[in-house]
Amino acid sequence: MLNEPGMHLHHKETPLEHNRELNAVLAFQRMSQLVTDYVMGASGSITPPASWTLALSTTVVGTGSNMARNSVWSATVSGSNVNEIGSTTANGYARQTIAKSINTGSIDWGTSTFDSTFSTGGQSTTADQVTFGAFSGAPSPNGANSWVLTDGSTLNAGQLYFAGDTAATRTFANGDTEKVTPTLKAG
Amino acid sequence: MPFVEIIYETGNKSVAYYETDEEMQSALSEHHRRAINGEPGTSQSALRNDLNPGETRIGSWVAERIKDVLIYDQHPADYGEDQLMDVADVKKVFNDTIKESEMQGVVHVQTVAAAIRDMSNSMVPEPKAHESQFKMEETAKADLSFLKAVE
């Protein structure tokens, strides 16, 4: 089982916030499907991407009325669509890459650890921190409320795997950067 | 100009998309200026009403000096995205991995599979602090002389 109480996703955005864990997190359908089809069934068609990419979205994770398990990327802000910042005017925004590897020298996932707690435990791993920007001005749309693990580099496109709320609404301007350190906890 | 890989003096790296040289210079000059002056690189942040008070907060980090900027025609993460590799290259990795990991006539199939699978990984495994983190070759290095104006 991937979703609550089986899978919990948390993140920390800066070293200053390293003890904080957020509740508003979501695993999308594709993440579950990777377990059922690829891990369990060795599917040759439902496979992980060559590399993960991390995106910033204006959409809040919410509690069911914003993002949903079957959300899709879209430029149209409606329903459960997930809307990426900078998709009309980038002004320095681009997705960042996380390698599909563990503990190499590149930006990738750390050695996983286990929490044996019955209802909230599981195996967790934290990726190296990624940096967005520097922005050259206000991207359009602007105002990041979530980070999203996805694939590919085309904005508002690709698969959604999991997402978490940013601790604050980030509004970018010339010279700004953003730091995100995503954590996955799966039980 | 489309995509650039920014290599910061700290060893951190990011990918950014700029339409023009002027746009890139504006962004990098401002960030570099902040770093020189010990100012934050942080964006404007607003606390969120939709999160519990203990979950919303405004973090901050210092700006980082720009060490190098590499220019790409496409996003460097596009390398291997289609999961298609040259047949000869796949055969070479296959044969090399078997040769390296063969034990008395048997080989661990997951080791061979992992080696082939890693061919489409867009990132290099052990990049040095001031080197690119991507396998894709950059098309050019940016002339960073414009940063002198803020130093």
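Tutor: S9(A) and strand S3 (residues 44-47) of chain B pair in the antiparallel sense over four bridges. Strands are DSSP runs of E, at least two residues long, numbered from the N terminus, and two strands pair if DSSP finds at least two bridges between them. This is a predicted model: local features need pLDDT of at least 70, side-chain atom pairs count only at pLDDT 80 or more, and totals for chains, interfaces and linings use all residues. Residues are numbered from 1 along each chain as its sequence is written, with chains lettered from A and ligands numbered from 1 in the order in which they are written.

Student: Which strand gives the most to the side of chain A that touches chain B?

Tutor: The contact (C-beta atoms, placed from the backbone, within 7 Å) takes 47 residues from chain A and 48 residues from chain B. Strands S4 (96-98), S7 (130-133), S9 (160-171) and S10 (177-186) of chain A each give two or more residues to chain A's side. With six residues, the one that gives the most is S9(A).

Student: What distance separates the centres of domain 1 and domain 2 of chain B?

Tutor: Domain bounds come from an automatic or database domain assignment. Domain 1 of chain B covers 3-79 + 125-150, and domain 2 covers 82-121. Taken over C-alpha atoms, their centres are separated by 35 Å.

Technical notes:
Contact = placed C-beta atoms within 7 Å.
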